[in-house]
Amino acid sequence: MQITPPYLMFLGDVPDQLAAKTAQGIVDWRPEWCVGQIRLPGCKADLRLPDMSIADAAAQGVKTLIVGVANAGGVLPDHWTDVIVAALNAGMDVASGLHTRLGSKPAIAETAARTGRSLFDVRHTDQSFATGKGHKRPGLRLLTVGTDCSVGKKYTALALEKDMRARGLDADFRATGQTGVFISGRGVAIDAVVADFISGAVEWISPDAAPTHWDLIEGQGSLYHPSFAGVSLGLLHGAQPDAVVICHEPTRTTMRGVKTPLPSIAEVIDLTLRCGRLTNPAIRAVGISVNTQALDEAAARTLLADLSTAHGLPATDPIRFGVGAIVDRLLLEFPLPATVGA
């Protein structure tokens with residue numbers, strides 16, 4: 001699919017900033033594509049973009065309305081339809097990362113057909129996947145895993161790609177969620193793949209590669225989350241990671257959307273390595289990525305130092321402090337030929 005920028009980000013009436021993480025991710029990594037935002041009354045998210053009407057956005061040359069929301073179940077509320085229909089009538093395409101297909105709403109489907117505009121359901125793919133085979137394939141792979149969902153797995157993988165490429169290393173971000181697909185222009189929304197084919201889909205997005213090539217695979221959910229553990233496990237087995245980075249948000253006590261207590265970082269490392277050995281017996285942890293947004297800088301630095309000491313791994317906030325220490329550890333664990341990255 002070819003989604004044309006610039007974008008107008010539609011946030012609906014989401015209850016908090018985290019519910020707009022799809023839009024926020026696009027703004028953070030592709031700011032040059034994002035012209036403005038449109039919000040309904042009661043919306044509690046703000047991308048710090050100009051608030052625009054559909055007419056304003058059309059006058060600014062916007063080509064695509066992005067439904068930039070990640071809500072429970074990926075549903076498209078009926079009362080959002082009017083905004084989407086207005087965007088189509090104004091000459092915009094519409095792209096969504098929700099599970100609900102845009103065309104399942106009659107008014108949207110009819111307007112798109114009448115206006116000749118395109119509807120992009122990024123979470124859905126026409127690609128057919130085989131079941132995972134579990135055979136070790138050439139190339140190197142890193143998977144970001146989490147103590148919970150929405151803790152920075154995508155941002156960590158993107159930050160690693162940026163740092164590694166800056167050092168001359170051969171590395172590619174591999175998107176497994178709708179936001180990552182919007183950012184990278186490729187990938188598969190793994191949580192929309194039929195369960196039997198999850199590991200096969202991950203093998204497909206991270207195929208055979210050169211011995212020194214790194215695929216940086218975006219993790220999803222958590223092995224400890226009662227809602228999403230199945231996706232996380234299939235992704236782990238399909239990724240066959242040589243290395244994993246554990247992602248964490250330190251202020252939570254329960255997992256997002258449920259009452260299950262948050263696991264410790266040590267528990268996540270242990271379970272990830274035990275499960276991951278099924279398809280890669282040499283799997284190892286190389287770092288800890290922490291979202292310290294809720295902490296001041298002194299508290300963040302203290303926490304990261306304590307975590308590093310406790311686990312014997314580099315710990316950092318990729319947005320605040322970069323991922324250089326994790327890349328250093330990666331190169332120590334997986335030394336490359338002297339001519340590579342020189």
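Contact here means heavy atoms within 4.5 Å, and the views below are all taken from a predicted model.

**View 1. Helices α3 and α4 pack against each other through residues of both helices.** On the α3 side, Thr81, Ile84, Val85, Leu88 and Asn89 are in contact with Ala107, Ile108, Thr111, Ala112, Arg114 and Thr115 of α4. Sorted by class, the residues in this contact are six nonpolar, four polar and one charged. The axes of α3 (residues 81-89) and α4 (residues 106-115) come within 9 Å and cross at roughly 0°, so α3 is roughly parallel to α4, given that angles under 35 degrees count as roughly parallel.

**View 2. Leu65 is shown in strand β3, which spans residues 64-67.** With a relative accessible area of 0%, Leu65 is buried, because that value falls under the 20% limit used for burial. When residues up to four places away in sequence are not counted, Leu65 touches Leu8, Phe10, Ile38, Val83, Ile84, Ala87, Met92, Asp93, Val94 and Ala95. Lys154 stands 89 residues from Leu65 along the chain, and the C-alpha atoms of Leu65 and Lys154 are separated by 22 Å.

**View 3. The largest nonpolar core of the model comprises 69 residues.** Met9, Leu65 and Trp214 are the residues with the most contacts inside this core, and helix α5 (residues 153-166) gives the most to it, contributing six residues. Another core, of 31 residues, lies apart from the largest one and includes Ile190, Leu223, Ile288 and Leu307.

**View 4. Six strands form an open sheet with parallel pairing.** The strands follow the order β7-β8-β6-β9-β10-β11, and the edges are formed by β7 (171-174) and β11 (315-316), each of which pairs on one side only. Within the sheet, β6 (residues 140-146) and β8 (residues 214-217) pair in the parallel sense over four bridges, and Leu142 has Leu216 in β8 as its bridge partner.

**View 5. Helix α11 lies across several strands, among them β6 and β8.** This helix, residues 324-333, also lies across β9 (243-248), β10 (284-290) and β11, and runs at about 180° to β10.

How values were computed:
Residues are numbered from 1 along each chain as its sequence is written. This is a predicted model: local features need pLDDT of at least 70, side-chain atom pairs count only at pLDDT 80 or more; totals for chains, interfaces and linings use all residues. Side-chain values use heavy atoms; hydrogens and water are left out. A nonpolar core is a set of buried Ala, Val, Leu, Ile, Met, Phe, Trp, Tyr and Cys residues joined through side-chain atoms within 4.5 Å. Buried means under 20% relative accessible area, exposed over 50%, partly exposed in between (1.4 Å probe, protein chains only). Helices (H or I, at least four residues) and strands (E, at least two) are DSSP runs, numbered from the N terminus. Two strands pair if DSSP finds at least two bridges between them. Angles under 35 degrees count as roughly parallel, over 145 as roughly antiparallel, 65 to 115 as roughly perpendicular and the rest as oblique. Ala, Val, Leu, Ile, Met, Phe, Trp, Tyr, Cys and Pro count as nonpolar, Asp, Glu, Lys and Arg as charged, and the others, Gly among them, as polar.
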